[in-house]
Amino acid sequence: MDALVNPDKMDQPELSGPGKAGGTVHGIIGQSPPMKRLFKLIERVAASDATVLIQGESGTGKELISRAIHEGSPRREGPLIPVNCGAIPEELLESELFGHVKGAFTGAAFTRPGRFELAKGGTLFLDEIGDMSPKLQVKMLRVLQEKVVEPVGAVKPVKVDVRVIAATHKNLEEEVASGKFREDLFYRLNVVPLHAPPLRERLDDIPLLVNHFAERFAKIQDRPQVQIPAQIMHIFQDYEWRGNVREMQNLLERLTVLSDGDVSLEDLPSKMVKDHGQIADNDDESPIPARAFALPQNNHAITDFNREVEAYENQLILNALERTGWNKNKAARLLNLNRTTLVEKIKKKGLERNEPAAQSQLHPGDKDQEDGP
Ligand SMILES: Nc1ncnc2c1ncn2[C@@H]1O[C@H](COP(=O)(O)OP(=O)(O)OP(=O)(O)O)[C@@H](O)[C@H]1O
Ligand SMILES: [Mg+2]
């Protein structure tokens, strides 16, 4: 299967060592604070042989993280063997994991090693561990405790030499609390917990990822690289991305196929534009109405330049704040301002939410009069 039809497989590790070039660690893109923390943890945990449990929503890069840990570990020359515990039926999963001997069950024509044995000297990646049946959870606990597996139908246990990394999109603490996942197994797995942060907790990474995928799909498909205008990048930063990086990757693939390079609102999925609602529509407006520049009709009236500019600035800020329900991150993006700058301005100008007095801020010079007796 090539990378175009299976984009999930296209991000093979780029073998850039931890901390190297542009926020990429073993093909994991990110330079937001949560990702930097994650990279540090990956680097540290890779050096050890400790069992790791990676939790995170769908599409947050758990599999990529497991690969990065393996690649950075002393076991990197050994195999990295994945098992999707959620995708294989229980009866097959047992022999898949632990192997079986010839004749162990109908159809077992040959002795077959399990993935624990195949991963010898390397890493076993137990994906979707939260979906494992209670029966197999018991067996898994034994393997982790005793470092031996019992192939189905075998009389002698087989020693295993693997490092285990497990992952799940479920909240395993909750699964334990509701009795669906064994507590003892949870603690066995959760020696080093890693959390793959969802995209909405690392908005700073969105442009980086978008550009990365735009460039990659342009190369893979030999098409013009899609250009994402600032307005659409803002929509991306406001969107929920329930499918996280996978959803973004799929969208960029689609945009590369469907557009000739320039992406406009019509090219986006309607839910994305709809979610964005008013902000998306209004971004097309000329940001500064012409009347804002009009001098008073009376030629002798004096225009106080500084006061007018400040009033207009206040109006723009209040407008952005109102349109975003006083979400300062979003308002800052609407205004293309640094959030800190915006917050400082709000503080300095004393702008407040829903106060009738907010109007008086439009002309700060009038403040004394209005505050007066
Ligand atoms: N930070 C990242 N940088 C680059 N690509 C990423 C990043 N995170 C995820 N991806 C890509 O997104 C896709 C989904 O990632 P991955 O399969 O690792 O997610 P997952 O957390 O295992 O998802 P699921 O829970 O659905 O199995 C993959 O193609 C992966 O290469
Ligand atoms: Mg996965």
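These questions and answers walk through the helices of a predicted model.

Colleague: How many helices and strands are in the protein chain?
Modeller: The model is predicted, so every value here is computed from it. The protein chain holds both kinds of element: 15 helices and 11 strands.

Colleague: What share of the residues of the protein chain counts as buried?
Modeller: A residue is buried if 20 or more other C-beta atoms lie within 10 Å of its own. The protein chain has 373 residues. The share that counts as buried is 31%.

Colleague: Among contacts between residues at least 6 apart in sequence, what percentage joins residues at least 24 apart?
Modeller: Take the contacts in the protein chain between residues at least 6 apart in sequence. Those that join residues at least 24 apart make up 69%.

Colleague: How far does α12 reach from its first C-alpha to its last?
Modeller: Helix α12 covers residues 305–323, which is 19 residues. At 1.5 Å a residue, 27 Å is expected. The model comes close to that, with a reach of 27 Å.

Colleague: Where do the buried residues of α12 lie around the axis?
Modeller: The buried residues of α12 are N314, I317, L318, A320 and L321. They cover an arc of only 160° around the axis, so they lie on the same side of α12.

Colleague: Which residues are exposed on the other side of α12?
Modeller: One side of α12 carries buried residues, including I317 and L321. What covers the buried residues includes α13 (328–334) and α14 (339–349). On the other side, the exposed residues are F305 and V309.

Colleague: Which residue just after α12 takes a positive phi?
Modeller: Look just past the end of α12. The phi there is about 60°. The residue is G325.

Colleague: What covers the buried residues of α3?
Modeller: Helix α3 spans residues 90–98. Its buried residues are L93, E94, S95, L97 and F98. Their cover includes β4 (80–84), β5 (99–100), α4 (115–118), α5 (134–146) and β8 (148–149).

Colleague: Which residue with a positive phi follows α3?
Modeller: The phi in question is near 85°. The residue that follows α3 is G99.

Colleague: Are α3 and α5 roughly parallel or roughly antiparallel?
Modeller: The axes of α3 and α5 come within 10 Å and cross at roughly 15°. Angles under 35 degrees count as roughly parallel. That makes α3 and α5 roughly parallel.

Colleague: Which residues of α5 meet E90, L93 and E94 in α3?
Modeller: The crossing of α3 and α5 is right-handed. On the α3 side, E90, L93 and E94 take part. On the α5 side, the partners are K135, L136 and K139.

Colleague: What word describes how α1 and α2 lie to each other?
Modeller: Helix α1 (residues 33–46) and helix α2 (residues 62–71) pack with their axes 8 Å apart, at an angle of about 45°. Their crossing is right-handed. I42, V45 and A46 in α1 meet I65, A68 and I69 in α2. The two helices are therefore oblique.

Colleague: Is the crossing of α8 and α10 left-handed or right-handed?
Modeller: The axes of helix α8 (residues 205–221) and helix α10 (residues 244–258) come within 9 Å and cross at roughly 45°. That makes α8 oblique to α10. Residues in contact include F213 and F217 of α8 and M248 and L252 of α10. The crossing is right-handed.

Definitions and conventions:
Residues are numbered from 1 along each chain as its sequence is written. Chains are lettered from A and ligands numbered from 1 in the order in which they are written. This is a predicted model: local features need pLDDT of at least 70, side-chain atom pairs count only at pLDDT 80 or more; totals for chains, interfaces and linings use all residues. Helices (H or I, at least four residues) and strands (E, at least two) are DSSP runs, numbered from the N terminus. A residue is buried if 20 or more other C-beta atoms lie within 10 Å of its own, exposed if 12 or fewer, and partly exposed in between; C-beta atoms are placed from the backbone. Two residues are in contact if their C-beta atoms, placed from the backbone, lie within 7 Å. The expected span of a helix is 1.5 Å times one less than its number of residues. The arc is that of the directions from the helix axis to the C-beta atoms. Axes are lines fitted to C-alpha atoms, for helices over the stretch in contact, and angles run from 0 to 180 degrees between N-to-C directions. Angles under 35 degrees count as roughly parallel, over 145 as roughly antiparallel, 65 to 115 as roughly perpendicular and the rest as oblique. A crossing is left-handed if the near helix is turned anticlockwise from the far one by less than a right angle, and right-handed if clockwise.
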